[in-house]
Amino acid sequence: MSRYFPGIELLRNLVLRFRILTPKLIGPNRSVSVICKSERKRYEMEDLPESSGLDLAAIGTRLREAVEATKLSATDFAEKVGVPYSTFRAYTGGQRAPGAELLAAIFKTFSFMPSWLLTGLGPKRLGDSLPSQIDDDFVVIPKHNVAASAGAGAINGDDSEAQGLCFRRTWLKKRGLQAQTLKVIDITGDSMTGKLSDGDQVLIDMAQTTPRSGFAYVLLQGEELLVKYAQLLPDGVLRVSSENQAYRPYDIDLAKVTDVSILGRVVASTHEW
């Protein structure tokens, strides 16, 4: 096993480029050690060059915010994470970059996310929900605790929001999608096998409720949520069909049946292999 700890700027770049939350890399169950040049104290790291790209003042501000959230004095906070107060004061003052081992200690002791301390992105503490906007490039689309059936039908249950999925704003713009009209839900069943699989998550555009041939939609039929192809026929008849040919298409006369509505079009999906 390597004795070297990932550099602080490497951790920052992993967060910014790939949205990897740093606890996956530095804890909480991994033993930590670091080799420092010269005979410095265990937790003292060399200063990064000014060209490193780290915003030390912003990191210091977030460290002070973390201290205030614990309602401890800065001296007590520093003691609990194992650094001398004079060293910790240099971090909070924006004079030095905190080392990866210090970030791991803060995470293990107080659950503050290293990714947030380094960049200001993502949840502040472990267990916090993601903010609605991570930064200028990404947006979090809320996920709802309901499942739409790609089968005979799933009963519409709890519609509360869960932690969402992150999408690039440029990806949404290229497809003409607006973040405020999008939702994420789960898929159950096999009627759309070939296009969608049981367990997939789908991105729904709630602004697209007029059925067009060849597209999949989320339908609310009574108390059941369905993911199906929908085609509007003459005389107000809605034809509902599946990708799986074992499920026969059926028609709904919208003039006679009032408890059917199209909630939105499926515009993207995730799939685990």
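Residue A58 is located in helix α3, where helices (H or I, at least four residues) and strands (E, at least two) are DSSP runs numbered from the N terminus. The model is predicted: local features need pLDDT of at least 70, side-chain atom pairs count only at pLDDT 80 or more, and totals for chains, interfaces and linings use all residues. Residues are numbered from 1 along each chain as its sequence is written, and side-chain values use heavy atoms, with hydrogens and water left out. At a relative accessible area of 21%, A58 is partly exposed; buried means under 20% relative accessible area, exposed over 50%, and partly exposed in between (1.4 Å probe, protein chains only). A separation of 8.4 Å lies between the C-alpha atoms of A58 and L118, which are 60 residues apart along the chain.

**The chain as a whole**

- Eight helices and ten strands make up the secondary structure count of the chain.
- The chain has 273 residues, of which 39% count as buried.
- The accessible surface of the chain comes to about 15,100 Å², and 49% of this area belongs to carbon and sulfur atoms; the areas come from the Shrake-Rupley method with a 1.4 Å probe, and for residues only the protein chains shown count as cover.
- Among contacts (heavy atoms within 4.5 Å) between residues at least 6 apart in sequence, 60% join residues at least 24 apart.

**Nonpolar cores**

- A nonpolar core is a set of buried Ala, Val, Leu, Ile, Met, Phe, Trp, Tyr and Cys residues joined through side-chain atoms within 4.5 Å.
- The largest such core has 23 residues, and those with the most contacts inside it are F77, V81, F88, I106, F112 and L117.
- At least two residues of this core come from each of α3 (56–70), α4, α5 (85–92), α6 and α7 (114–119).
- Helix α6 supplies the largest share of this core, six residues.
- Another core, of 13 residues, lies apart from it and includes M192, V218, L225 and V227.
- Leaving aside residues up to four places away in sequence, L117 touches I59, R62, L63, L103, I106 and F112.
- In soluble globular proteins, nonpolar side chains tend to be buried together.

- Helix α6 (residues 100–110) is largely enclosed by the rest of the structure, because nine of its eleven residues are buried.
- The buried residues of α6 are A100, E101, L102, L103, A104, A105, I106, F107 and F110.
- In α5, the buried residues are T87, F88, A90, Y91 and T92, and they pack against α3, α4 and α6.

**Aromatic and charged side chains**

- Rings of Phe, Tyr and Trp (its six-membered ring) pair if their centres lie within 6.5 Å; planes under 30 degrees apart count as stacked, over 60 as edge-to-face and the rest as tilted.
- By this rule there are four aromatic pairs.
- The pair formed by F77 and F110 is stacked, because the ring centres are 4.5 Å apart and the planes lie at 10°.
- This pair links distant parts of the chain, with F77 in helix α4 (residues 74–81) and F110 in helix α6, 33 residues apart.
- Both F77 and F110 are buried, and together with F88 they form one aromatic cluster.
- R125 lies over the face of F112, at 4.1 Å from the ring centre; a charge sits over a ring if NZ of Lys or CZ of Arg is within 6 Å of the ring centre and within 35 degrees of the ring normal.

**T70 in helix α3**

- T70 lies in helix α3 and is buried, with a relative accessible area of 18%.
- A polar atom of the T70 side chain lies 2.7 Å from the backbone oxygen of V67.
- Not counting residues up to four places away in sequence, T70 touches F77, F110 and F112.

**Positive phi values**

- K71, in the loop between α3 and α4, has a positive phi of about 65° although it is not a glycine.
- With a relative accessible area of 75%, K71 is exposed.
- S111 is placed in the loop between α6 and α7 and takes a positive phi of about 70°, although it is not a glycine.
- S111 counts as partly exposed, at 26% relative accessibility.

Technical notes: A polar contact is a pair of N or O atoms within 3.5 Å; within protein, one must be able to donate a hydrogen and the other to accept it, and residues adjacent in sequence count only if both atoms are side-chain atoms.
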